[in-house]
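Dear colleague,

Please find below the structure that I am handing over to you. My notes on what was found in it follow directly after.

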Amino acid sequence: MQANSQNDPFIIGIILAGGRASRMQGQDKGLIELQQQPLIQHVIDRFQIQVAAIQINANRNLERYRRFGFPVFSDARQDFQGPLSGMLQGLHQLETEAADWIVCVPCDAPQLPLDLVSRLSQALGEKDVVAVADDGKWMQPAFCMLHCSLSARLERYITRGGRKTGDWLRQEHAVRVDFSDQPAAFTNINSRDDLQRYLEKNGHE
């Protein structure tokens with residue numbers, strides 16, 4: 001089920017900001033300041049030029065997230081079930097949109113690839129329904145492209161207790177898309193130590 005390339009009107013970008021952020025002492029990662037602006041703003045700046053529209057998945061601080069100017073939706077269940085729950089709700093959002101695809105990215109990846117969406121979409125074959133980035137060493141499950149037809153299958157997986165994004169993507173025979181030319185683009189900021197390392201590496205104190 002091929003999608004077209006960058007800025008395809010049938011691709012909606014979903015920023016996953018609904019986690020518990022336990023390694024950040026419970027602070028909402030998307031709202032943590034990085035270089036004088038919230039972490040999620042860095043993601044928005046690199047992502048919005050690649051998709052027709054953005055929506056934000058968040059389970060806390062909903063009003064603060066709405067200030068970024070995009071629709072905000074929460075998981076169906078408020079017990080922090082992980083990224084798959086946000087992805088599922090993102091697929092449900094397609095029911096009210098003229099769209100067949102979503103591309104998901106995490107809120108804590110300020111260097112995400114500027115060609116993420118185009119490369120994911122171009123890798124899809126005629127019958128493929130999911131693609132995921134691979135940095136050359138590891139699959140990056142939070143950076144994936146999903147077709148609307150996956151909604152019922154993902155719901156069944158979660159209902160049966162499935163929580164591991166990578167396992168589900170492998171089960172659905174995800175196309176792994178090579179981004180080994182830019183592995184640093186998948187750097188994520190999960191903790192205060194990660195934040196400090198990022199600032200030091202990028203010339204900020």
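The largest nonpolar core of this predicted model has 35 residues, and those with the most contacts inside it are Ile 15, Phe 47, Ile 56 and Tyr 65. A nonpolar core here is a set of buried Ala, Val, Leu, Ile, Met, Phe, Trp, Tyr and Cys residues joined through side-chain atoms within 4.5 Å. Buried means under 20% relative accessible area, exposed means over 50%, and partly exposed lies in between (1.4 Å probe, protein chains only). At least two residues of this core are supplied by each of β1, α1 (39–47), β4 (53–58), β6, α4, β7 (130–134), β8 (139–147) and β9. The largest share, four residues, comes from α1. Apart from this core lies another, of 25 residues, among them Val 130, Cys 144, Leu 146 and Ala 174.

As to conventions, residues are numbered from 1 along each chain as its sequence is written, and side-chain values use heavy atoms, with hydrogens and water left out. Since the model is a predicted one, local features need pLDDT of at least 70 and side-chain atom pairs count only at pLDDT 80 or more, whereas totals for chains, interfaces and linings use all residues. Helices (H or I, at least four residues) and strands (E, at least two) are DSSP runs, numbered from the N terminus.

**The chain as a whole**

The protein chain holds seven helices and nine strands. Of its 205 residues, 53% count as buried. Its accessible surface comes to about 9,800 Å², and 46% of that belongs to carbon and sulfur atoms; the areas come from the Shrake-Rupley method with a 1.4 Å probe, and for residues only the protein chains shown count as cover. Among contacts in the protein chain with a separation of 6 or more, 72% are between residues 24 or more positions apart. Contact means heavy atoms within 4.5 Å.

**Two residues and their surroundings**

Leaving aside neighbours within four places in sequence, Tyr 65 is in contact with Ala 17, Asp 28, Gly 30, Leu 31, Ile 40, Ile 56, Ala 58, Arg 60 and Val 72.

Val 105 has its place in strand β6 (residues 101–106) and, at 0% relative accessibility, counts as buried. With neighbours within four places again left aside, the contacts of Val 105 include Ile 14, Leu 16, Val 43, Phe 47, Leu 116 and Phe 143. The C-alpha atoms of Val 105 and Phe 186, which are 81 residues apart along the chain, are separated by 9.9 Å.

**Helix α5**

In helix α5 (residues 151–159), the buried residues are Ser 151, Leu 154, Tyr 157 and Ile 158. They cover an arc of only 125° around the axis, which puts them on the same side of α5; the arc is that of the directions from the helix axis to the C-beta atoms. In general, an α-helix has 3.6 residues a turn, so residues three or four places apart point the same way. The cover over the buried residues of α5 includes α3 (83–93) and α6 (165–171). Gly 161, whose phi is positive, near 100°, follows α5.

**Salt bridges**

The count of salt bridges comes to seven, a salt bridge being a side-chain nitrogen of Lys or Arg within 4 Å of a carboxyl oxygen of Asp or Glu. One of them joins Asp 108 and Lys 29, with the closest N and O atoms 2.7 Å apart. Asp 108 lies in the loop between β6 and α4 (116–123) and Lys 29 in the loop between β1 (11–17) and β2, so the pair ties together parts that are 79 residues apart in sequence. Both Asp 108 and Lys 29 are buried.

Asp 115, Arg 119 and Asp 181 are linked in a network of salt bridges. The closest N and O atoms are 3.0 Å apart in the pair of Asp 115 and Arg 119, and likewise 3.0 Å apart in the pair of Asp 181 and Arg 119. The latter pair links distant parts of the chain, with Asp 181 in the loop between β9 and α7 (192–201) and Arg 119 in helix α4, 62 residues apart. Asp 115 is partly exposed, with a relative accessible area of 24%, while Asp 181 counts as exposed at 55% relative accessibility.

Most residues other than glycine have a negative phi. Gln 36 has a positive phi, near 70°; Gln 36 lies in the loop between β2 (33–34) and β3 (37–38) and counts as exposed, at 75% relative accessibility. His 173 has a positive phi near 55°; His 173 lies in the loop between α6 and β9 (175–178) and counts as exposed, at 65% relative accessibility.

With kind regards
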